[in-house]
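Hi everyone, thanks for coming. I'd like to walk you through one structure today, so let me put it up on the screen.

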Amino acid sequence: TLIKNRRNKISIIDKNFFFNNLSRIGYSIKSPTKLKKDKFLKLKTIAFQRRFRQELVNGKIDKECLLISENLIKKLN
């Protein structure tokens, strides 16, 4: 069911929810001063995809990434 959601666009609210999930998993989402925030968040998304979704690493947040992050949060609790 995850592959069906690959490359499906998500809303801005879902993107914020994804980055909230990343911080709960353990990824830092606070940008250092030298990098712009958009570029930093894209790098964090690429790091997440390299670890949890190796089939498609493009730095774009889609429904599949959101579902993977939600499942990881459920496992942590």
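What is the mean pLDDT of the protein, and what percentage of its residues reach 70 or more? The mean is 91, and 100% of the residues reach 70 or more; pLDDT is the predictor's confidence in each residue, from 0 to 100. This is a predicted model, where local features need pLDDT of at least 70, side-chain atom pairs count only at pLDDT 80 or more, and totals for chains, interfaces and linings use all residues. Residues are numbered from 1 along each chain as its sequence is written, and side-chain values use heavy atoms, leaving out hydrogens and water.

Let's start with the fold. The protein has three helices and zero strands, running α-α-α from the N terminus. Helices here are DSSP runs of H or I with at least four residues, strands are E runs of at least two, and both are numbered from the N terminus.

Now the overall shape. A compact globule of 77 residues would have a radius of gyration near 11 Å, and the 12 Å of this protein agrees with that. That radius is taken over C-alpha atoms, and the globule rule is 2.2 Å times the number of residues to the power 0.38. The C-alpha trace spans about 40 × 30 × 25 Å along its principal axes.

What share of the residues is buried? Of the 77, 34% count as buried, meaning under 20% relative accessible area, with exposed over 50% and partly exposed in between (1.4 Å probe, protein chains only).

Please find Gln-49 in helix α2. Gln-49 counts as buried because its relative accessibility is 0%. Beyond its neighbours within four places in sequence, Gln-49 is in contact with several residues, including Leu-56, Val-57 and Cys-65; contact means heavy atoms within 4.5 Å.

Next is Ile-61, in the loop between α2 and α3 (63-76). With a relative accessible area of 15%, Ile-61 is buried too. Which residues does Ile-61 touch, not counting those up to four places away in sequence? They are Ile-10, Lys-15, Phe-18, Phe-19 and Thr-45. Phe-19 lies 42 residues from Ile-61 along the chain, and their C-alpha atoms are separated by 9.8 Å.

To finish, a look at contacts across the whole chain. Among contacts between residues at least 6 apart in sequence, 53% join residues at least 24 apart.
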